[in-house]
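Dear colleague,

Please find below the sequence and structure for your review. My notes on the findings follow directly after them.

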Amino acid sequence: MFATTPLRIVAVSAGLSQPSSTRLLADRLADATRERLAAEQDRTVDVRVIELRDLAVDIANHLVSGFPSATLREAIDAVTEADGLIAVTPVFTASYSGLFKSFFDLIDNTALTGKPVVIAATGGTARHSLVLEHALRPLFAYLRAVTVPTSVYAASEDWGSSGDEYTEGLPSRIRRAGGELASAVLGRTVSGASRAPGLDDGEDAVIPFEQQLADLRLD
């Protein structure tokens, strides 16, 4: 019975526009995670994307009243019960959006304990990419979640770019983050992992830290 239980991946998108680059990034990260999970085990994979723009009024009402609507309660339950979480926000004033923060303010600070999370953000310029490290990663550390090593920032110029000899393109970073989330969901160690070439430049294998130590040679 347990073997037939689907793995649940939930992506939270805080994009406000429609269409939204934030939603697009959430979709691509979810697809990358689902593909890796489907390739590495036999259970089905259920993916759900939660659009916070559709819950904005419910979130505000809950903050002032203390009572969530049925729709908001269901969304919170989906996040806390997921096997893996993808959290994507646009950058507002050099940080995550107020809507993004307000939603996660409603989640008990122990409800995400040990849950693997990919953090991601979108913005108009690459100069805001450090928001992932100075804002999102500390937020999920406070919530006791386990953020995978690779975070993904997508500036406007990243869409459609394959990178160059010095930098990875957005598709490669998405695949790597999705692969790390899949490994974490399956209980494999990704903390301290390094990249290794796969079948092509876009496929990244995760090398456990113990193997890295075993591979070291002292001169």
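**Glu157 and its surroundings**

Leaving aside residues up to four places away in sequence, Glu157 touches Gly124 and Ala126, where a contact means heavy atoms within 4.5 Å. Glu157 sits in the loop between strand 7 (152–155) and helix 6 (170–185); helices (H or I, at least four residues) and strands (E, at least two) are DSSP runs, numbered from the N terminus. Its relative accessibility is 47%, so Glu157 counts as partly exposed; buried means under 20% relative accessible area, exposed over 50%, and partly exposed in between (1.4 Å probe, protein chains only). From C-alpha to C-alpha, Glu157 and Thr125 are 7.7 Å apart in space, although 32 residues apart in sequence.

**Basis of the values**

This is a predicted model, in which local features need pLDDT of at least 70 and side-chain atom pairs count only at pLDDT 80 or more, while totals for chains, interfaces and linings use all residues. Residues are numbered from 1 along each chain as its sequence is written, and side-chain values use heavy atoms, with hydrogens and water left out.

**The chain as a whole**

The protein chain has seven helices and nine strands. Of its 219 residues, 45% are buried. Among contacts between residues at least 6 apart in sequence, 74% join residues at least 24 apart.

**The aromatic cluster**

The structure holds five aromatic pairs. Rings of Phe, Tyr and Trp (its six-membered ring) pair if their centres lie within 6.5 Å; planes under 30 degrees apart count as stacked, over 60 as edge-to-face and the rest as tilted. The rings of Phe100 and Phe140 have centres 6.4 Å apart and planes at 70°, so this pair is edge-to-face. Because Phe100 lies in helix 4 (residues 98–105) and Phe140 in helix 5 (residues 131–142), the pair ties together parts that are 40 residues apart in sequence. Phe100 is buried at 0% relative accessibility, and Phe140 is buried with a relative accessible area of 0%.

Phe104 and Phe140 also form an edge-to-face pair, with ring centres 5.1 Å apart and planes at 75°. This pair likewise links helix 4 to helix 5, across 36 residues. Ring pairs join Tyr96, Phe100, Phe103, Phe104 and Phe140 into a cluster.

**Packing of helix 4**

Leu99, Phe100, Ser102, Phe103 and Phe104 are the buried residues of helix 4. Among the elements they pack against are strand 1 (7–13), helix 2 (56–65), helix 3 (70–81) and helix 5. Where helix 2 meets helix 4, Ala56, Ile59 and Leu63 face Leu99, Ser102 and Phe103. The two helices pack at an angle of about 55°, with their axes 10 Å apart; axes are lines fitted to C-alpha atoms, for helices over the stretch in contact, and angles run from 0 to 180 degrees between N-to-C directions. Helix 2 and helix 4 are therefore oblique to each other; angles under 35 degrees count as roughly parallel, over 145 as roughly antiparallel, 65 to 115 as roughly perpendicular and the rest as oblique.

**Backbone points to check**

Most residues other than glycine have a negative phi, and most peptide bonds are trans. A cis peptide bond joins Gln18 and Pro19, with omega about 5°. Thr93, in the loop between strand 3 and strand 4, has a positive phi near 50° and is exposed, with a relative accessible area of 82%. Arg144 has a positive phi of about 65° and is partly exposed at 46%.

Yours sincerely
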